[in-house]
Structures are given as C-alpha cells and as structure tokens.
Amino acid sequence: MTPTVTHHGAPARNQVTMSGAINRALRDAMTANTDVVVFGEDVGTLGGVFRITDGIARDFGEDRCFDTPLAEAGIVGFAVGMAMAGFRPVIEMQFDAFAYPAFEQIASHVAKMRNRTAGKVNLPIVIRIPFAGGIGGVEHHCDSSEAYYAHTPGLKVVTPATVEDAYTLLREAINDPDPVIFMEPKRLYWSKGAIESATAATTFDSFGRAAVRRAGTDVTLVAYGPSVDVAMAAAAAAADSGWSVEVVDLRTIVPFDDVTVVASVRKTGRCVVVQEAQGFAGVGAEIAARVQERAFHSLQAPVLRVAGLDIPYPPPKLEHLHLPGVERVLDAIARLQWDDQADTRFLDHHGKGGAM
Amino acid sequence: MTTDTNSPLPQTVPTDRPFARGLIPAPTPVQFLDELGHRVEIFTGDYAEPSPEQLVAAYRAMVIGRRFDIQATALAKQGRLAVYPPSRGQEACQIGSMLALSEGDWAFPTYRDSMALVTHGLDPVEILTVPHGAAHCGYDPRAVRTAPQCTPLATQLVHAVGFASGEKRKGRPTVAMAFVGDGATSEGDFHEALNFAGVFNAPVVFLVQNNEYAISVPLSKQTAAPSLGYKGIGYGIASEQVDGNDAMAVLAVLNKAVAHARSGQGPVLVEAHTYRLDGHTNADDPTRYRDSTEVDDWLRRDPITRLEAWLRHQGHIDDAFVASVAHEAEAFAADVRDRMSIDLAVDPMSLFDNVFATPTPQLLEQRAMVQSEIKAEEASR
C-alpha cells in the first residue's frame with residue numbers, strides 16, 4: 001500500500017483494502033506511540049505472508065518491527081515480557097491454527113496477568129490472527145478459532161467486518177490497557193472501503209458496541225467478522241421475498257453487546273445467528289442462549305443458528321458446502337415459523353421422535 | 001566451557017576457558033568447596049572467588065532462608081497454607097542467584113523459589129499469599145522487581161527473555177534471573193526461551209536447579225543429555241554447570257554470568273546440581289520413589305554446613321556470629337508464624353476486580369448477583 005502523506009496528526013480519508021487499513025492502523029498507532037512494536041513470523045522484511053506489515057520495518061526500523069524465530073509460544077511469551085518492560089506489542093500469528101502452540105501463554109498468562117497481580121501488571125498486547133476460510137486454503141489454514149479465546153476470561157475478542165472497522169477497531173485494540181485477540185477475516189483482506197486515518201493519539205469507542213448494518217423489522221441476523229457480508233447478502237435477497245431483515249454486526253465478541261442485540265430482537269421477534277465457525281458449543285450458541293434468556297416473550301420462533309458444519313475444516317473443493325452461505329441463511333429465515341408450524345425436518349435424525 | 005570434552009578429565013585448573021569464548025560447560029560441575037568445606041579448584045578456571053562479605057551474606061541468607069522454608073512447611077502441615085513446595089537443600093542456588101544480582105535486576109521465579117524471594121527482600125507473608133488462599137500473587141511485581149511465582153512450567157522463561165530484551169531496548173542495564181527446574185527443561189517453552197534469548201542476545205541468566213526429581217520422575221527419565229548445561233550449546237548460549245550445594249561456586253559462576261549478560265555478551269545457562277531434601281510439596285510422599293539412603297548422602301553435602309566450615313576456618317565468622325544469625329532466623333520465623341496465623345479478611349467483590357481494567361456489563365451483572373446472594377445470606381443469619 002502507498003503510505004498516506006498527512007500533516008502530523010491530521011486525519012486523511014482514503015479508499016483502501018482491509019489489509020491496507022490494518023497496515024495504516026499499525027503505522028498510525030506506531031507514530032502516535034513509540035512504545036508500539038510489531039513482531040512475529042515474516043512480518044519484517046517480507047511484510048507478512050498477507051503483506052499486512054508491508055513496508056513497516058523499512059519505514060519504522062528493525063527496532064519497531066522485527067522478525068522472530070518461528071515459535072508461537074515464544075512470540076506470545078516474549079510479548080508478555082516486552083509489555084512488562086513498558087512496550088505495547090502487536091504480534092502476528094501467521095494463521096489461525098498456527099496460534100495453537102501459543103495457547104498456554106495466551107490462556108495462562110496473557111489473559112490472567114492483570115487478575116493474578118491484583119491489577120499491578122496489565123498487558124496491553126494485541127494478538128493479530130488471520131482467521132477463517134473462504135479463500136481456498138488447505139488444512140490448518142482456515143480454522144475459526146474465536147470460541148477458544150472468547151471462552152477465556154480476561155481476553156477481548158475483536159473481529160472487523162468492514163474496512164473502516166478494521167482500522168478503528170485495531171487502533172482501539174492497541175490503545176486498550178488489556179490484551180486483545182484481533183481476528184482478521186482472511187477473505188475480507190481484499191475488500192475495499194474508506195477509512196479516516198490519523199496519526200494523533202486518538203481515542204476510539206467501538207468496543208462493546210455492535211453496529212446495526214441494515215435496519216429491518218421482521219428478522220434479526222446476528223453476525224460477526226466474515227459472516228457479516230453473508231448476512232448482508234441474505235438480507236438483500238430476503239427483501240425480494242418480502243422479509244425485512246435487520247443485520248447486527250457484533251464487532252467485538254468480547255465485550256458482548258447484549259443491549260443492541262436484544263433491542264433488535266425485541267423489535268423483530270425473530271433471530272438467526274450466522275457464524276462461519278463450527279456450530280457446536282460455539283459463539284453462536286452463546287448468542288442464541290443470551291437472546292432467549294432476555295427476549296423470550298418477544299420471540300415468535302426459536303433462535304436458529306446457521307453455522308459451519310461440525311467437521312474439521314474441509315478441503316478447498318468442498319468448503320462451499322461447509323461455509324454458511326446466503327441460501328442456508330434464507331432457508332433458516334424461512335423456517336422461523338411464519339405459519340406457526342414448528343419445523344422439525346432436520347431435528348429428528350435419531351429416530352426417537354422426541355429426541356430433539 | 002572446555003574446548004575438548006573427549007580428553008580425560010583434567011586434574012589441574014584449565015586456564016583456557018574464558019567465559020564468553022566457549023559455549024560448552026565444564027565436564028563436571030564447578031566446585032570451590034568440597035563437602036567438608038575445604039577449598040578445592042574443580043574447573044574454577046578464571047572464576048573469581050567471591051568476596052568474604054558476599055559469602056558471609058550468603059551464609060546469613062541461607063540460614064534465614066532455610067528457617068523460613070521449614071516454617072512454611074510447618075504452616076502447610078497445620079493447614080494454614082493450602083500447599084507449600086519446599087526447597088530445603090537448595091539454599092546455595094536460591095540465595096546465590098539473588099546475591100549475584102544488582103539493584104534494578106529482576107527475578108522470574110517458579111513456585112519453588114520462595115527462599116530466593118526472601119533473600120530478594122520480599123515480605124514473606126506476601127510470598128506466601130498464593131497458598132494462604134485469599135488472593136493470587138501477594139506482591140507488586142514492579143515494586144519488588146519480581147514476576148509472579150510461576151506454576152505452568154518454563155512459561156515464565158520466555159517472559160524473562162522478552163522483559164530483558166525490552167529493558168535493553170529501553171536503554172536500562174537490567175538483568176533477568178530466570179529460574180527453572182530439571183523437569184521443566186523438557187518443556188517446549190524452555191527451548192523457545194533459550195532460542196529467543198540467543199537470537200535477541202537478551203541479558204538473561206537461566207538458572208536450572210537440577211534437584212534430581214520432577215515430583216517423582218528422576219532426571220534419568222527426563223533427558224539423555226550428559227548435563228542439562230549442554231542444552232545451551234544448540235542455541236548459541238554460553239553454558240556452565242556448577243555444584244549447586246557449594247554456595248561459593250554458585251556465587252562465583254553466577255556473579256560472572258550476570259556480568260556477562262549485563263555487559264551485552266548475551267544470555268547464560270547455568271545448571272546447578274542440587275537436591276530437594278523434602279517432597280515435591282507437603283502432600284507428596286517421596287518414600288514412594290526414592291531411598292532414604294539417597295537423602296542421607298545429600299544431607300552430607302549440606303550447603304550451609306559446608307560454607308559455615310570454610311567461613312569459620314578462615315576466621316570470617318565465629319560462634320557469636322553463628323548464634324546471632326540463628327537467633328535472627330528464629331525471630332524471622334516467629335514473625336512469619338504470627339502474621340500467618342491471622343485469618344485473612346477476604347473481599348468477595350474482589351472476584352470481579354482486575355479481570356479487565358473496566359468490567360464488562362456481563363461481569364457487572366454477575367457481580368450484582370453475588371452481592372445479592374451475600375446480602376440474602378447475611379439477612380438470614
């Protein structure tokens with residue numbers, strides 16, 4: 001990406017890809033605060049396998065953006081120490097599944113340090129993870145791993161669905177005094193949008209605030225990250241069938257915005273949660289439970305989930321069957337008991353009648 | 001740090017082992033004092049004998065450290081502590097490592113390094129906060145320059161490397177002393193820490209206290225390496241092995257290791273051969289996995305009596321000093337006993353503090369629930 005030329009601190013508005021927006025956010029945060037450092041595998045000279053850190057080592061120097069040995073637990077543990085020394089590390093896990101070796105460091109240290117030290121030591125670390133599929137990637141490159149992190153107290157879990165959010169949410173993540181797992185939907189890296197960038201020490205306040213991306217009156221689709229575009233496309237298609245669909249983009253899974261989600265469902269009376277991750281025990285299950293706990297009497301139908309299948313991420317030529325698509329979302333909308341009949345077509349495969 | 005490990009063990013002091021030049025540890029542990037406290041020169045090379053002042057300080061700290069350790073074990077047996085992992089027998093390692101540091105240096109300890117933290121000047125009650133049960137880490141890590149005592153094995157070593165590297169980047173002359181046991185050298189994080197430390201030339205000293213057992217598993221089942229000290233070579237790290245029950249040798253080696261790290265020459269790995277005289281914790285039964293004659297053998301290599309014998313022989317300490325240190329240790333233990341006997345006030349609402357800087361709405365809801373439960377319980381009394 002071509003760096004934007006701005007007067008120091010002056011906002012500039014320009015059209016970029018999501019990867020460019022993330023690059024811009026890193027640069028602006030590094031300019032605003034000299035304690036911000038970027039490191040990980042291949043993020044230096046190469047600029048990362050997705051080129052997210054393109055040119056940053058060249059422009060900010062090896063002290064501020066550097067390659068590390070190929071060891072994810074080491075990278076995260078090193079970041080813990082750097083944060084204790086006063087830095088604000090922004091580190092990259094090359095792919096979702098490659099972050100698993102770092103899980104102990106994340107779950108036992110990154111997430112707990114503030115709590116273990118009664119607030120004496122906080123860890124302002126951002127762990128960037130390119131995640132999810134839809135890009136024809138082979139095994140171990142397309143996992144949706146957000147539920148592992150969302151299930152771990154002490155972590156904020158953020159995933160942008162728009163180019164503008166990629167910029168502002170990352171800036172906010174870097175400003176945050178607590179650790180943030182910043183999950184970047186790989187398939188949106190090349191999507192385009194406008195951002196307003198600023199090198200000044202700006203404050204942002206999108207965490208915990210879901211965005212209503214499309215207003216509607218009949219059904220609420222709740223989605224995040226890579227599934228928001230799917231929900232938007234489904235909402236547009238549903239309009240042709242006469243359904244007015246509202247789309248809520250969570251933006252941050254943690255902190256979770258109960259207020260916006262529940263207000264939308266109370267208004268529409270129906271809710272479908274869309275997530276790309278495998279469905280069982282996932283974020284969508286949590287959302288469905290929360291909605292029913294809070295808006296039961298407003299609901300005209302059970303909250304349905306459209307999720308990935310409960311399988312290891314499939315080979316590229318089969319991923320289209322795994323990924324929740326517009327048709328599957330429309331199908332779920334159609335099953336929301338518009339005729340007051342329960343839809344049990346997919347719920348009785350144990351042959352026991354009442355097993356559902 | 002010899003250049004030829006295939007040659008027969010040298011009978012004389014090798015003089016060609018400058019610390020930074022070679023990476024290979026001595027073929028047998030460096031020793032300054034034998035088991036009887038006689039001055040010997042086993043691979044002492046160009047290590048400087050520690051000053052009498054430092055050795056007397058080490059003696060005093062070892063006596064107090066051991067008394068603290070025995071007191072903590074007693075408190076665990078009385079139920080005052082949920083658990084205590086003792087380190088009696090490892091005094092030379094724990095005290096030596098701390099006395100080798102300077103003002104501003106940091107420790108990255110494990111759960112077994114409580115004696116080291118006493119020597120580092122931490123309040124013993126704060127050290128024992130975790131097993132006392134009302135809170136997690138009881139001290140302010142920044143105020144006492146000590147990371148929280150770490151339970152997940154070897155994970156704190158990478159923190160030490162990142163911290164030391166960060167301090168160097170900030171232009172501060174800090175050295176990090178990173179503690180690890182023999183069992184934890186099998187963990188991946190141990191190797192990642194050494195590798196990162198080598199690559200980033202981080203001012204870290206890794207002290208492996210090889211106390212022969214990882215709970216019940218003996219070293220022979222842990223590694224096929226000739227010495228844990230050899231594990232530094234593959235990462236380009238200067239390495240050494242030392243008699244971990246010889247306080248003079250531990251200090252000599254660690255004084256040099258700390259200076260080496262501080263001067264920008266990079267990290268050092270030191271294996272200290274020692275022995276855990278007690279069980280893994282007060283809940284462990286070591287008779288299930290080791291013979292009492294083995295313990296007796298190690299009792300004869302006691303680090304405190306060894307140093308005391310030499311210091312007395314040299315005239316650096318006398319009966320009066322020994323008695324005064326014993327008295328000081330008793331008073332220290334009595335203070336720990338008194339302060340640990342007080343039942344701690346716990347704040348239930350502290351459950352929700354410090355999960356995040358600002359609690360999420362969901363945490364505030366759960367907080368309100370617990371608060372109302374407590375109020376209801378109080379009202380029903």
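This note sets out numbered remarks on a predicted model that contains chains A and B.

1. Domain layout of chain A. The assignment divides chain A into domain 1, residues 12-197, and domain 2, residues 211-334. Taken over C-alpha atoms, the centres of these two domains of chain A are separated by 26 Å. Across the boundary, 26 residues of domain 1 of chain A are in contact with 21 residues of domain 2 of chain A. On the domain 1 side, the elements of chain A that give two or more residues are α6 (146-150), β6, α7 and β7. By residue class, that side of domain 1 of chain A divides into 14 nonpolar, six polar and six charged residues.

2. Strand β7(A) covers residues 180-185, and six of its six residues are buried. Val180(A), Phe182(A) and Glu184(A) point one way from β7(A), while Ile181(A), Met183(A) and Pro185(A) point the other way. In a regular strand, side chains alternate between the two faces of the sheet. Both sets in β7(A) are buried, and they include the charged residue Glu184(A).

3. Partners of β7(A). Strand β5(A), residues 126-131, pairs with β7(A) in the parallel sense over six bridges. Within this pairing, Pro130(A) stands opposite Glu184(A). Strand β6(A), residues 156-158, also pairs with β7(A) in the parallel sense, here over three bridges. The bridge partner of Val157(A) in β7(A) is Ile181(A). Between β6(A) and β7(A) the chain passes through helix α7(A), residues 163-175, in a right-handed β-α-β crossover.

4. Strand β11(A) comprises residues 245-249, and five of its five residues are buried. Val245(A), Val247(A) and Asp249(A) point to one side of β11(A), and Glu246(A) and Val248(A) to the other. Which strands pair with β11(A), and in which sense? Strand β9(A), residues 211-214, runs antiparallel to β11(A) and is joined to it by three bridges. In that pairing, Arg214(A) has Val247(A) as its bridge partner. Strand β10(A), residues 219-223, pairs with β11(A) in the parallel sense over five bridges. There, Thr220(A) has Glu246(A) as its bridge partner. With helix α8(A), residues 227-240, strands β10(A) and β11(A) make a right-handed β-α-β unit.

5. Contact between the chains. Chain B contributes 35 residues to the contact and chain A contributes 36. On the chain B side, the elements that give two or more residues are α6 (141-144), α7 (155-169), α8 (188-199) and α13 (361-380). Helix α7(B) gives the most to this side, with 11 residues. The chain B side divides into 16 nonpolar, 11 polar and eight charged residues.

6. Domain layout of chain B. The domain assignment gives domain 1 as residues 31-340 and domain 2 as residues 348-380 of chain B. Their C-alpha centres lie 40 Å apart.

7. The largest nonpolar core. This core holds 208 residues. Those that touch the most other members are Leu221(A), Val161(B), Ala178(B), Val205(B) and Val270(B).

8. Helix α11 of chain B. In α11(B), residues 303-313, the buried positions are Pro303(B), Arg306(B), Leu307(B), Glu308(B), Trp310(B) and Leu311(B). These buried residues pack against elements of chain B including β1 (31-33), β2 (39-42), α1 (52-77) and α12 (319-340). After α11(B) comes Gly315(B), whose phi is positive, near 80 degrees.

9. Val63 of chain B. Val63(B) lies in helix α1(B). Why does Val63(B) count as buried? There are 22 other C-beta atoms within 10 Å of Val63(B), and the cut-off is 20 or more, so Val63(B) is classed as buried. Apart from neighbours within four places in sequence, Val63(B) is in contact with Ile304(B), Val325(B), Ala326(B) and Ala329(B). Tyr47(B) is 16 residues from Val63(B) along the chain, and their C-alpha atoms are separated by 25 Å.

Conventions. Residues are numbered from 1 along each chain as its sequence is written. Chains are lettered from A and ligands numbered from 1 in the order in which they are written. This is a predicted model: local features need pLDDT of at least 70, side-chain atom pairs count only at pLDDT 80 or more; totals for chains, interfaces and linings use all residues. Two residues are in contact if their C-beta atoms, placed from the backbone, lie within 7 Å. Helices (H or I, at least four residues) and strands (E, at least two) are DSSP runs, numbered from the N terminus. A residue is buried if 20 or more other C-beta atoms lie within 10 Å of its own, exposed if 12 or fewer, and partly exposed in between; C-beta atoms are placed from the backbone. Two strands pair if DSSP finds at least two bridges between them. A crossover is right-handed if, with the strands pointing away from the viewer, the path from the first strand over the helix to the second runs clockwise. Domain bounds come from an automatic or database domain assignment. A nonpolar core is a set of buried Ala, Val, Leu, Ile, Met, Phe, Trp, Tyr and Cys residues joined through C-beta atoms within 7 Å.
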